[in-house]
Amino acid sequence: MKPATAIPKLRTVCILGLVISLVLSGAIAFLTYYTGWNDFSEQGSFSREIRNFDALLRETPKIAPERLNPMLDRLEKKAIGAETYLSVLKRRRNLALEASDENQTRFRSAYREAAERAAAAFPFSEPLGALAADALLMEYPDQFPDGAQTKLRQYAGLLSEENLLPLALDISVLLGDLSDPATAAGLPRGGEFLAAGVSSLGGAELPAELPAKLPAERESFLINSILLDLLAKDMVAANSRIVSLISSAGSSGDISERALRFGAEYFYDTNPLRAAELFSLLATKSPPQFSDAPSLGRLADSLWLADFREGSIEIWTILASPPLNISRIPDPKIPQDLLVRSLYNLASSSTEEQKKLAYYEELFSESPGHLYGIIGYSRLFDTPRAEGILTEQNSGQPLLDLELIRRRLEGWEIRRTVAETWLLLGRHPQEEALYRWGAWYFDRQRQFPETALLLRKARMNGIDSSWLVLHDVFRLIREGLLAEGETLLEEQLDHTTLWQIPANLGLIMESRRSLSRALEYYESAASLVKNRLSAAKVQLRIAHCLHMLGRDEESRQVLGKVLELDPENLNARLELRRLNL
């Protein structure tokens, strides 16, 4: 049995426990109820004030910024998420767009400042980033202050949603980031922005029913996208877009001059016959279209590359003789540079000496100091007469100096030639063509130490081209370092126009009996070579690989092409006879 004194103490403890439980329950209820109510009341207050603001604006549309901007400031402070910030910013934007001149500046400034605050508070919100960019563009339509361009690039880089990409594109164009394809290629999303421009104006592919004329904006985006594809070496995408660009030329026949000329130049090196078709459209359309004699000149060049040489000569003859101008050329006045180029091409391509002389004389009457004309003309005569012509015409021209040495080589011993070559380079230390010839000549004469010195001198003078690497490779091969030479060639393969680079890789593969790879390299070389005799040599290697792979019929066809390029090629004749046995 407990003592009587313990009962009051127990009662006190029970009462204290009850009080504490009531206090805790009340605190929990207060915190839960009051906090929830506060959120609800704040949201309700924001919505109510937005409605009140809109009603006030409808009833009294011309309210001064001194009154409206503070109201929007209060609303911004009550905004509790990106969506509520957007509601405030949309109203600021409307005020900035619709305000009269005297109030517009203050509304635009307030819009920009609020948009920047919102974008900083929610740095990953694309809509807020878009509005922040819009506000900057609105306040500074002509010239950006310091830091504005950086912010715009930041906002543009954030935008990835399909409906916001055109804004990112506009910003990039405005800032000059897409001023040319090379600049666009340096942007992380340059290609994406250009593709968005094409897509926003009709997609990458034209519809089945072609429009009479491509919109100028879409045409610009397509051209720049093609150039960007070429920089990225994405030939499949480039070819697809070029077809879209010029396909209307084959249907409606109505295509802009810019698109047609771009397509013609695009195909000039890879498909000269297609280029000739497009240049013919440019050259032969009737007024008031864009017919022009320069396009006729490019047509002749394309036909020459496509081995339709008689057609080229006929066109050059027309261009070199304006009185014979035919009705297809609406303007009988031929530009002087085109006239000179046509005369030089006729003189160079003619197989009759008397015609050559006549064309050169006419060329000099139009362009007395024509450098290549002087060189070509001097080659029609023996060495003493040629030396006289070159000496008379030479006024310190590096190439005329070189031609004079080349004509004198036959009378010099090798030591004199080496010395004269170095003197020539000393007179023209920055002329790359002289170094290139010197390296070729020294190698040909097996003056390999001189070649090494020349290459070092060229690099010291800032010359850095693929032909230097080619001579490095020849040195490595002479030293038996075939693998190292192959590595150097492969490093140059993607950014060279020298046909010798892939051709030598083909020789290396052929020496290893890797004929399929050799064939690939030779075909690559064939696409780069311009000189007919060099092209014949490459085609001869292709024919040999095809024969070794058991593809004799194809080999015969290629040998026939070799004889078209070089009718005197004895190796091709012997190989063809062997295949026909």
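## Terms and model

A residue is buried if its relative accessible area is under 20%, exposed if over 50%, and partly exposed in between (1.4 Å probe, protein chains only). The model is predicted: local features need pLDDT of at least 70, side-chain atom pairs count only at pLDDT 80 or more, and totals for chains, interfaces and linings use all residues. Residues are numbered from 1 along each chain as its sequence is written, and side-chain values use heavy atoms, with hydrogens and water left out.

## Overall fold

The chain has 30 helices and 0 strands. Both are DSSP runs, numbered from the N terminus: helices are H or I with at least four residues, strands E with at least two. Of the 581 residues, 42% are buried.

## Aromatic cluster

The whole structure holds 10 aromatic pairs. Rings of Phe, Tyr and Trp (its six-membered ring) pair if their centres lie within 6.5 Å; planes under 30 degrees apart are stacked, over 60 edge-to-face, the rest tilted.

Phenylalanine 364 and tyrosine 377 pair edge-to-face, at 5.4 Å centre to centre and 90 degrees between the planes. Phenylalanine 364 sits in helix H17 (residues 353-366) and tyrosine 377 in helix H18 (residues 371-378), so the pair ties together parts 13 residues apart in sequence. Both residues are buried. Tyrosine 377 has a relative accessible area of 15%. Tyrosine 377 also pairs edge-to-face with phenylalanine 381, with centres 5.1 Å apart and planes at 75 degrees. Ring pairs link Tyr360, Phe364, Tyr377 and Phe381 into a cluster.

## Arginines over rings

A charge sits over a ring if NZ of Lys or CZ of Arg is within 6 Å of the ring centre and within 35 degrees of the ring normal. Arginine 298 lies over the face of tyrosine 268, at 4.1 Å from the ring centre. Arginine 478 lies over the face of phenylalanine 448, at 3.7 Å.
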